[in-house]
Amino acid sequence: MVLCAVLLICLSQAELGRVWAQEHEDGLSGTPLRTDGDPSGFHRTRSDQQTLHKHRGARNTQADAGGVDISTLPDNMTHIVDSQNYYRWQSFGPTDRRTEDLWVDMNALHKSQVRIHGILSNTHRQAARVALSFDFPFYGHYLRQIIIATGGFIFMGEITHRMLTATQYISPLMANFDPSFSKNSTVRYLDNGNLFVVQWDKVRLKDREAEGAFTFQTALHRNGVIVFNYRDIPVPVAKINSTEHPVKVGLSDAFMASIPNAQATDPKRHNIYEYHRVEIDTTKIVSRSAFEFTPLPTCLQHTSCELCLTSNLTTGCGWCNTLQR
């Protein structure tokens, strides 16, 4: 699905790791969310970034203290437009050898290589920031920090806010998982310098624990390839209730901008534009299935004006001499 959704948001300053007390339906419909955010702590938009690696990796203190509460969005203010594709993907079933090849067996690795996140493994509706040991290209933008959520997804945005489930995510299976239900439920990860893997291990759905434990993982490769791999899926994704928590599978990215509005009553309001999303067929998600996302060339990869204007890999690119991008 290719779309551009306008999400009118104000950022909060609640401490990272606080419970997502007001998380309900997701934010694709886009409405104002009023918090105590300080506009002085906002990052510049991506179009203003001169040094992308440094900007995406070094968040300011306001953003580091950003909240992770997610609130209901009652009004629909979505605008859909055409957009180019950024990834191609393939699915693999239980009988495909590729499924097993893509699975990273954390149990077979030395304990020193795998980290169990103590907070995420013992709480519900929380998120934690984790630093990567390498630059990971996501939609052509390089990241050195991500936010792992108990709800089966990774938030890839550069500023935290109340709607982490809305956009800017890598989501193998976003749902209302509660790792605190059992001591056997964990959120663990590994980083070997070329590969970062997050595994939601034996996690259960809140208030539906009897339906069984889910085990799945997502792998971020240094070259930008993303893998979703599912070991145990006891319930069809279509039957997972989205009333208390969004249910999504796929990728999404957006950018933030401040657009003057003479009628705006809140000067702290900023807009988040979701410019692209990858949604996959959730009926293909079964135990021992996998998806592999390969990034397509983007204009951001060009390092000179000549390459930008003459490359056969991309079209419609423009070079800015001031930004040298």
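This report describes selected contacts, charge pairs, nonpolar cores and ring pairs in one predicted protein model.

Because the model is predicted, local features are reported only at pLDDT of at least 70 and side-chain atom pairs only at pLDDT 80 or more, whereas totals for chains, interfaces and linings use all residues. Residues are numbered from 1 along each chain as its sequence is written, and side-chain values use heavy atoms, with hydrogens and water left out.

## A buried asparagine in a loop

Helices (H or I, at least four residues) and strands (E, at least two) are DSSP runs, numbered from the N terminus. N176 belongs to the loop that runs between strand 7 (169-174) and strand 8 (186-191). Is N176 buried or exposed? Buried means under 20% relative accessible area, exposed means over 50%, and partly exposed lies in between (1.4 Å probe, protein chains only). N176 has a relative accessibility of 9% and therefore counts as buried.

The side chain of N176 takes part in polar contacts. When residues up to four places away in sequence are not counted, N176 touches H124, R125, R204, L205, K206, E244 and H245.

## Salt bridges

Side chains of opposite charge can pair when their charged atoms come close. A salt bridge is a side-chain nitrogen of Lys or Arg within 4 Å of a carboxyl oxygen of Asp or Glu. The structure holds ten salt bridges, and the table gives three of them.

| Pair | N to O distance | Relative accessible area |
|---|---|---|
| E100 and R231 | 3.4 Å | E100 43%, R231 15% |
| D201 and K202 | 3.4 Å | D201 7%, K202 41% |
| R277 and E274 | 3.1 Å | R277 5%, E274 0% |

Both R277 and E274 are buried. Salt bridges with shared partners also join E100, R231 and R288 into one network.

How do the surroundings of the partners compare in the other two pairs? E100 is partly exposed, whereas R231 is buried. Likewise, D201 is buried, while K202 is partly exposed.

## Nonpolar cores

A nonpolar core is a set of buried Ala, Val, Leu, Ile, Met, Phe, Trp, Tyr and Cys residues joined through side-chain atoms within 4.5 Å. The largest has 44 residues, and those that touch the most other members are I148, I170, L173, F196, F214, I226 and F228. Strand 4 (residues 127-138) gives the most to this core, with six residues. Apart from it lies another core of twelve residues, including L102, V197, A219 and A290.

L132 is found in strand 4 and is buried, at 5% relative accessibility. L132 and L143 are eleven residues apart in sequence, and their C-alpha atoms are 8.0 Å apart in space.

## Aromatic pairs

Rings of Phe, Tyr and Trp (its six-membered ring) pair if their centres lie within 6.5 Å; planes under 30 degrees apart count as stacked, over 60 as edge-to-face and the rest as tilted. There are 16 aromatic pairs in the structure. Y86 and Y275 form an edge-to-face pair, with 5.5 Å between centres and 65° between planes. Both Y86 and Y275 are buried. The rings of Y87 and Y139 have centres 5.1 Å apart and planes at 80°, so this pair is edge-to-face. Y87 and Y139 are both buried as well. Ring pairs also link W89, F177, W200, F214, F216, F228, Y230, F291 and F293 into a cluster.

Terms used
Contact means heavy atoms within 4.5 Å.
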